[in-house]
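Morning, everyone. Please bring up the structure on your screens, and we'll walk through it together.

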Amino acid sequence: MTVISTQPNKRDRNQAEVLSGMGATEEFIADHLHLSIEELNLYYSKELKSGAEEANLQVAKTFHELATSGEHPQMTLAWMKMRAGWSDAAQKEEEG
């Protein structure tokens, strides 16, 4: 692998963050940026961590919007099961 001689640039930082958020492995990201795993973790640790967190937040925002729109009852039900602790057993008790 090529050892980088300058500090990471904005484009590479963005790519590391996006690829991390999409679930790419550190090996893939390092290879894509022409770095060793050690260099990737040294120079891009923040982007590797925040990429996955940011992607989860974006998906959660979309999920929330669908669940609260009133147009997607299955998403509303899924949200209540995941976030409010609803279960099929509790739902059947309420119906019965």
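Let's start with a term. Contact here means heavy atoms within 4.5 Å. Keep in mind that this is a predicted model.

Now take Ile-29. Which residues does Ile-29 touch, not counting residues up to four places away in sequence? They are Ala-16, Leu-19, Ser-20, Ala-24, Leu-40 and Leu-48.

In general, nonpolar side chains in soluble globular proteins tend to be buried together. Here, the largest nonpolar core has 9 residues in all. Two or more residues come from each of H1, helix H2 (26–32) and H3. Which element gives the most? H3 does, with 3 residues.

Is Phe-28 buried, exposed or partly exposed? Buried needs under 20% relative accessible area, and exposed needs over 50%. Phe-28 has 46%, so Phe-28 is partly exposed. From Phe-28 to Ala-16 is 12 residues in sequence and 9.9 Å in space, C-alpha to C-alpha.

Last, the packing of two helices. H1 covers residues 10–21, and H3 covers residues 37–68. Their axes are 7 Å apart, at an angle of about 45°. H1 and H3 are therefore oblique to each other. Their crossing is right-handed. By class, the contact of H1 with H3 has 6 nonpolar, 4 polar and 4 charged residues. On the H1 side, look for Asp-12 and Arg-13, among others. On the H3 side, find Tyr-43 and Glu-47, among others.

How values were computed:
Residues are numbered from 1 along each chain as its sequence is written. This is a predicted model: local features need pLDDT of at least 70, side-chain atom pairs count only at pLDDT 80 or more; totals for chains, interfaces and linings use all residues. Side-chain values use heavy atoms; hydrogens and water are left out. Axes are lines fitted to C-alpha atoms, for helices over the stretch in contact, and angles run from 0 to 180 degrees between N-to-C directions. Helices (H or I, at least four residues) and strands (E, at least two) are DSSP runs, numbered from the N terminus. Angles under 35 degrees count as roughly parallel, over 145 as roughly antiparallel, 65 to 115 as roughly perpendicular and the rest as oblique. A crossing is left-handed if the near helix is turned anticlockwise from the far one by less than a right angle, and right-handed if clockwise. Ala, Val, Leu, Ile, Met, Phe, Trp, Tyr, Cys and Pro count as nonpolar, Asp, Glu, Lys and Arg as charged, and the others, Gly among them, as polar. A nonpolar core is a set of buried Ala, Val, Leu, Ile, Met, Phe, Trp, Tyr and Cys residues joined through side-chain atoms within 4.5 Å. Buried means under 20% relative accessible area, exposed over 50%, partly exposed in between (1.4 Å probe, protein chains only).
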